[in-house]
Amino acid sequence: MDVILNISSDALDDDLQSLTSVLCTTLSREADVTATLAEESVSDGTRGVEITLGTIILTFLSSGSAIALFNVLRSYFDRDSSLEMELDREDGRRLRINAQNVRPTQMNQALEQISTFLGDS
């Protein structure tokens, strides 16, 4: 299953793509997902591809991917409470996560939401 992860932050306007690139690498290394930066074709007459800022495409490789994804995302929220992330499935379902959702008192609920979101096909 492919999921699009959109990252936003009011505090990181200039560094958003740098954070996105690092997160993409971290997810590929530490979670059981294939993570790639989203790209779009550029208009005719130009070369290369355009990177879509703050967007990562995730392909989940196992059922344990939800826990690994949650742990990686939680570590980023711990570092920057202004981050917001939105997961979009191919069927149109959407899950929005922010630092408020992953406070210690809400960890189990947030993990359950991600697991349900990724498990329902």
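Is Asp-88 buried or exposed? Asp-88 is buried, with a relative accessible area of 13%; buried means under 20% relative accessible area, exposed over 50% and partly exposed in between (1.4 Å probe, protein chains only).

## Basis of the model

The model is predicted, so local features need pLDDT of at least 70 and side-chain atom pairs count only at pLDDT 80 or more, while totals for chains, interfaces and linings use all residues. Residues are numbered from 1 along each chain as its sequence is written, and side-chain values use heavy atoms, with hydrogens and water left out.

## Nonpolar core

A nonpolar core is a set of buried Ala, Val, Leu, Ile, Met, Phe, Trp, Tyr and Cys residues joined through side-chain atoms within 4.5 Å. The largest one has 35 residues, and those with the most contacts inside it include Leu-5, Leu-23 and Met-85.

Met-85 touches residues including Leu-5, Leu-23, Leu-73, Phe-77 and Ile-97, not counting residues up to four places away in sequence; contact means heavy atoms within 4.5 Å.

## Salt bridges

The count comes to five salt bridges, each a side-chain nitrogen of Lys or Arg within 4 Å of a carboxyl oxygen of Asp or Glu. Glu-86, Asp-88, Arg-94 and Arg-96 are linked in a network of such bridges. Arg-94 pairs with Asp-88 at 2.5 Å between the closest N and O atoms, and with Glu-86 at 3.2 Å. Glu-86 is buried at 14%, whereas Arg-94 is exposed at 53%.

A further salt bridge joins Glu-30 and Arg-29 (3.5 Å, N to O). Glu-30 is partly exposed, at 48% relative accessibility, and Arg-29 is exposed, at 58%.
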